[in-house]
Amino acid sequence: MSFMDILYFIVPSAIFYAAPLILVAIGGVFSERSGVVNIGLEGLMVIGAFVGILFNLLFADTFGGMTPWLALIAAMVAALLLSLLHAVASISFRADQVVSGVAINLLAIALALYLVKSIFDKGQTDFISERFARYNVPFLSDIPVIGPLFFTSVYNTSFFAIGVAVLAWFVIYKTPFGLRLRAVGEHPMAADTMGINVTRMRYVAVMISGALAGIGGAIYAQTITGDFGHATINGQGFMALAAMIFGKWHPLGAMGAALFFGFAQSLSIVGSSIPYIQEIPNVFLLILPYVLTIFALAGFIGRANAPKANGKPYIKGQR
Amino acid sequence: MSNRVTNLLVPIVSVVLGLIVGAIIMLVSGYSPIEGYAALWNGIFGDLYTIGETLRQITPYLLAGLAVAFAFRSGLFNIGVEGQLIVGWFAAAYVGVAVELPKIIHLPLAILAAAVAGALWGFVPGLLKAKFRVHEVIVTIMMNYIALHVTNALIKTVSEGGDRTERIFASASLRSEFLENLTEFSRLHLGLLLALIMVGVMWLILEKTTLGFELKAVGFNQNASEYAGMNVNKNIILAMVISGAFAGLAGAMEALGTFEYVSSKGGFTGIGFDGIAVALLGMNTPLGVVFGATLFGSLKYGALNMPNAAGIPIEIVEIVIAVIIFFVASGYIIRLLLLRAAGKKKEAK
């Protein structure tokens, strides 16, 4: 295999693994930029994956090729509702946000498996029949080098994820809403004094994170696994959390980190058939994203600073 | 109502609410909650064997709960108990199979190996927190995954390509014939004793030593502790190391008592995360952890009886546990409601 062949093999699969990570990491950016830590991303992704698969199985006959896309909407709504629980606990009830996130994670996987067992009478769902399809982008895939790298046998969901990342950057940095969001996360009291409704901003941010995590989970399930069981998501939400931090709480940074983690993940899976890379023990590729995140946090790769008010409930009138 | 009473009421109210939510979910999804909870009860107390197994399940919960609680008291949130437990499990099992020694040396050595491995896994986030002010929550989450993948790779190496180690030598085992005979040959082992001793150890450290006093002080207010001449960084690292050691011991319970081997894992054991629930419910006190571990360990083991006896998926108990954590975490609102209720009563009088 020549070097280019290897690239043609790995880059598309890296983008393919990165798409859900990008969406969930962007969700995390919204929530944490508003000052609410969201460890519950994993659980929100689980619910998204479960509802996506369930919808797909139930309605594949009715909607045909459109099913996976409609399933994304169903997954989005379900995860948004679950994220409300996190919002209520951590914003209104002043719960420890990390604890509430842990509860969301436990609840999501338990609820999803409970329903799977009640509905299907076994530990995992059936395989879906309508998946997202790979295709070659007309014209663009004919461009030498770039064509086979980025536009051959791709999923629309990957373009969707990258589009969302760019949109998120625009919203957070170029709109009044984004400015308020960041203000609420950095200094809620100052924002409150300026007439911004801190509670409402945070609710909205957590709901956006829920919606995006749900979509991410459903994309993951409908492109990569094809069914839902206890190990479907298995840490992808935490990987997205890592991407968010590695990307320094910036939407485009998070996208870059997610692409890189997707690359590491795909290497750990397809690497065994690539010369040189197959010499590296798999475990190094598996732990790479986590080790890099720790390095990033420790400041070895540029300092990663969380939003100032991240994790602190806002109590009016308290200094 | 005094503060003390409300503090005690919050966990109790949360447990009751959790069980009610569980009942509602069973009802809505077409199962009988009465049958369900009856099956749960029998799964916990049904006969001597199940009681033995329930106690066996409580053992690692005790230690995982202590680990989380100890870190909490020093103002640290150790989500990494899961990872520390996994490395402890591996270390203990490795010492158990690698050498054969007289029991009096081998067993303590294996237990010690687990504690050291867990402590080491806790040392990393502690050091990063102390030196670089990196939040321990994220680092410990990342360390969990590193632990999972690294131990899986080590197990593969040790077992020459297999996915589990040999059984440990009897000289490293915590199992006891006496306890097995007592409980109709359940897997109840001497680890329970060790775990209860550790409850005492934690109480001693926190309440009777200078170290414990400093750790608690750092937990309350870092600046004040610094001003009083305490070495905050040292205390942060020590808290994580001790917490990690407790978690490592929880892994030793599985390695030397319950399973007597270690196998590669597709995902987490869940004991570490449930330890958070145990500690929260126990309000981070040693005695509270005993209650928390007893409740969650029992629920967890009893749930295994639910699919057979009542046809209900075991996950219902996980849902109940998650809801309980949720309510305990939202203690502020429960306290508020309790105070309101108490206030109204006074007005009525």
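Q: Which residue of chain B meets the side chain of A:Lys117 in a salt bridge?
A: The model is predicted, and across the interface of chain B and chain A the rule finds 1 salt bridge. A salt bridge requires a side-chain nitrogen of Lys or Arg within 4 Å of a carboxyl oxygen of Asp or Glu. At 3.0 Å from N to O, the side chain of A:Lys117 meets that of B:Glu315.

Q: What is the area buried between chain B and chain A?
A: The size of an interface is often given as the accessible area lost when the parts come together. Carbon and sulfur atoms give 81% of the area buried between chain B and chain A. B:Met142, B:Tyr145 and B:Phe326 supply 18% of what chain B buries against chain A, more than any other three residues. The area buried between the two chains is about 3,500 Å².

Q: What radius of gyration does chain B have?
A: Chain B holds 16 helices and 0 strands, and its C-alpha atoms fill a box of roughly 70 × 60 × 35 Å along the principal axes. For 349 residues, a compact globule would have a radius of gyration near 20 Å. The value for chain B agrees with this, at 21 Å.

Q: What percentage of the contacts in chain B between residues at least 6 apart in sequence join residues at least 24 apart?
A: Of the 349 residues in chain B, 58% are buried. Among contacts between residues at least 6 apart in sequence, the share joining residues at least 24 apart is 78%.

Q: Is B:Phe123 buried, partly exposed or exposed?
A: B:Phe123 lies in helix H5 of chain B, where it touches B:Ile237 and B:Val241, not counting residues up to four places away in sequence. Buried means under 20% relative accessible area and exposed means over 50%. Because its relative accessibility is 33%, B:Phe123 counts as partly exposed.

Q: Is A:Gln222 buried or exposed?
A: A:Gln222 is found in helix H9 (residues 198–225) of chain A. Leaving out residues up to four places away in sequence, A:Gln222 touches several others, among them A:Gly52, A:Asn56, A:Leu72 and A:Arg131. Its relative accessible area is 0%, so A:Gln222 is buried.

Q: Which residue with a positive phi follows H10(A)?
A: Helix H10 (residues 236–246) of chain A is mostly covered, with 10 of its 11 residues buried. The buried residues include A:Gln236, A:Phe238, A:Leu241 and A:Ile245. H10(A) is followed by a residue whose phi is near 55°, namely A:Lys248.

How values were computed: Residues numbered from 1 in each chain as written. Chains lettered and ligands numbered in written order. Predicted model: local features only at pLDDT ≥ 70, side-chain atom pairs only at ≥ 80, totals over all residues. Heavy atoms only, no water. Buried area = accessible area lost by both parts, 1.4 Å probe. Helix = DSSP H or I, 4+ residues; strand = E, 2+ residues; numbered from the N terminus. Rg over C-alpha atoms; globule rule 2.2 N^0.38 Å. Buried < 20%, exposed > 50% of the residue type's maximum accessible area, 1.4 Å probe, protein only. Contact = heavy atoms within 4.5 Å.
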